[in-house]
Every structure is written in structure tokens, then in C-alpha cells.
Amino acid sequence: MNFIEQRNGMVDGFGLIKTVEKKTNVKGVPYLDLTLCDRDGEMSAKLWDYKEEIHGEYEVNDLIKFRGQLQQYNGANQLRIDRIRKTIEADGVNICDFVPSAEYSGEMMLGEILNTLDTFRDQNLKRLTKAIIENHKEKLLYWPAAFKLHHAMRGGLLYHTLSILKMAECACKIYASIDRELLLSGVILHDIAKLYEYDVSETTGVAASYSVKGNLLGHLVMGAMEVEEQAKKLGIPEETTVLLEHMIISHHGEPDFGAAVRPLFIEAEVLCQLDTLDATVYEMAQSISEVKKGDFTQRQWALDNRKLYNHGRTEIKPKANLE
């Protein structure tokens, strides 16, 4: 974690509360046992002689400002907190400094997607896709694309979606047989029901767990349900609706990976392949970035249990260039 060192061994800093528990010492005096984190790491912390009326009350995902002393405990740094409060707007703290976050703002990525929709000539695809996006735009600004693995970060859902959208535009320029607007609509909506699949903190934009619906139905089924519901409200022809529903329920490719059916037309297949490509490149880059040039990673169970090699010819980053 990052700190600002003060005199007499004191440090000032900001942190996100990852865990917090009120305990009592051997004399029965209450204290707070915390884990604080930022994007660089985490640290255990103690607030001794804790008094709610003086120090305030705290819970997981609160952003705090603290002053305290760094001490050694069992060979690791531990923070002894002397002063603590929740952050305020004047502190200028950005949550993206404390949790894994997309490289671009939610507003920028959502704007790119809406600008793409404005180019559509097919009014049915345009109205349906735009209506669904508009219904969820507040959550889309911070929602992750996964509980774990690829794009499991604040803003990850839009990051993943926009990455595929950029690749899909290129594919349309190469293959004349692709219906551009059908493909792009499927890309934009393919993971929309991840908004129902996870329980996500609005503060952090990180998934804490799968929701009940996520466990029972999954985002492919719920995504098709969303398209069906909105299409009926807007009077969208069934032919258009069914094509989008098929793209959503087939984009995992194989039943073993959660697909209800395999892709049965070109746009569905392209979506499936681009979705897999984006997830795979992200996961490989993430894993390889953690080892030195010339080294292999540990076996990656999500990537066919392969050990990956860092050849060192490029600077490995999971980041996609969306500009």
C-alpha cells in the first residue's frame, strides 16, 4: 500500500476496507481488526481502544483516511491506527486507485457503444439494443464482466464489450457476408444479463458473489429473456428477436461451456469466436505479466491447464487499445 510518511514514524494514507471485525482484547476493551487495501496490495491494521462515538462505525468497502504507525508483526507490516475517518469529496479520492479497474472510464466506453448504435439503419435492431442499454446505463458504468478470471474489474463489462465491438467492426470490413448491424447488436447485448448474475458493490464495482438468479439461470438464459421482454414492449418483429436471442444463448459455443445451442449462423459464430478471443488474450496477458522474461507461469486451469511462457519481446499488459 502507498503511504505519506510524516514525522515520528507516522504515516498518512487512504485505504479501502476489505475486512473489518470488532473484537475485544484480554481486558475486555474493544478494538477493530481490519484489512486495508489499494491497487498495490493490502495490509492488516488495528484500531485499539475503539469507541464508536469517537471513531465512527465502519464496514466492508468503506473508503477511509487514516493516520498511524507501521509496526512489524510476524515478519510483516501492520498498521496501528491512531486517527480514522471516512473519506469526503474534498479528499479527491478515486475508487479506481483502490480496486482493479478498466483503463477507460465507463462514460467513455458507453458513449462509444451508443455512437455505434447511432450509425444503424435497421430501426428494429437500433431501437431494441438501445432501449436495453439505456435501461441499464447507470450499472453499466461500473459493472464487472466476471466474478473471477477475465475482466473481473470495475467497468470490466463495458471494457470487454467494447473490445469485441472494435474487433467485430474489423471483421465486417473483411467478410462481406456478415450482417454488420446484426453482429454488433449481438456483441453489445451478449453479456447484458451479467447485470443480474452477480452481487456487486456500487462503491467498488467488484463482484462479491453470484446472485441467486445467476446460479439458477445464468446470464445466457437471462439475456435472451431480457431481449424477449423488451422486444414485445417495442413491437419488434419475432424474426429479429429470435436472431438476437440465438446469438446470446449460443455465444459460449459448446454445451459443455454453458451454451444452450451451438452457433447456427455466421454472426452468431463470429460473436462466439471474438468473445473467446478477447477473454483468452486477457487471461493469458494477465498471467504472463506476473512472471519475468524467460519464465513460465504456473499451470492456468482456465486455459487448458497450460503453463504459459513470457518471451519478453513485448511489454505484456492485459490492456486493450480502445481508442
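Colleague: Where is N61 found?

Modeller: In this predicted model, N61 is found in the loop between α1 (52-55) and β5 (63-73).

Colleague: Why is N61 called partly exposed?

Modeller: The relative accessibility of N61 is 24%.

Colleague: What makes the phi of N61 worth a remark?

Modeller: Most residues other than glycine have a negative phi. N61 is not a glycine, yet it has a positive phi of about 80 degrees.

Colleague: Which phi does L149 have, and where is L149 found?

Modeller: L149, also not a glycine, has a positive phi of about 65 degrees. L149 is found in the loop between α4 (137-140) and α5 (156-174).

Colleague: Why does L149 count as partly exposed?

Modeller: L149 has a relative accessibility of 45%. Exposed would require over 50% and buried under 20%, so L149 counts as partly exposed.

Colleague: How do you know whether V270 is buried or exposed?

Modeller: V270, in helix α11 (residues 266-288), has a relative accessible area of 18%. The cut-off for buried is under 20%, and therefore V270 is buried.

Colleague: Which residues is V270 in contact with, leaving aside its neighbours within four places in sequence?

Modeller: With that exclusion, V270 is in contact with A171, I178 and L183.

Notes
Residues numbered from 1 in each chain as written. Predicted model: local features only at pLDDT ≥ 70, side-chain atom pairs only at ≥ 80, totals over all residues. Heavy atoms only, no water. Helix = DSSP H or I, 4+ residues; strand = E, 2+ residues; numbered from the N terminus. Buried < 20%, exposed > 50% of the residue type's maximum accessible area, 1.4 Å probe, protein only. Contact = heavy atoms within 4.5 Å.
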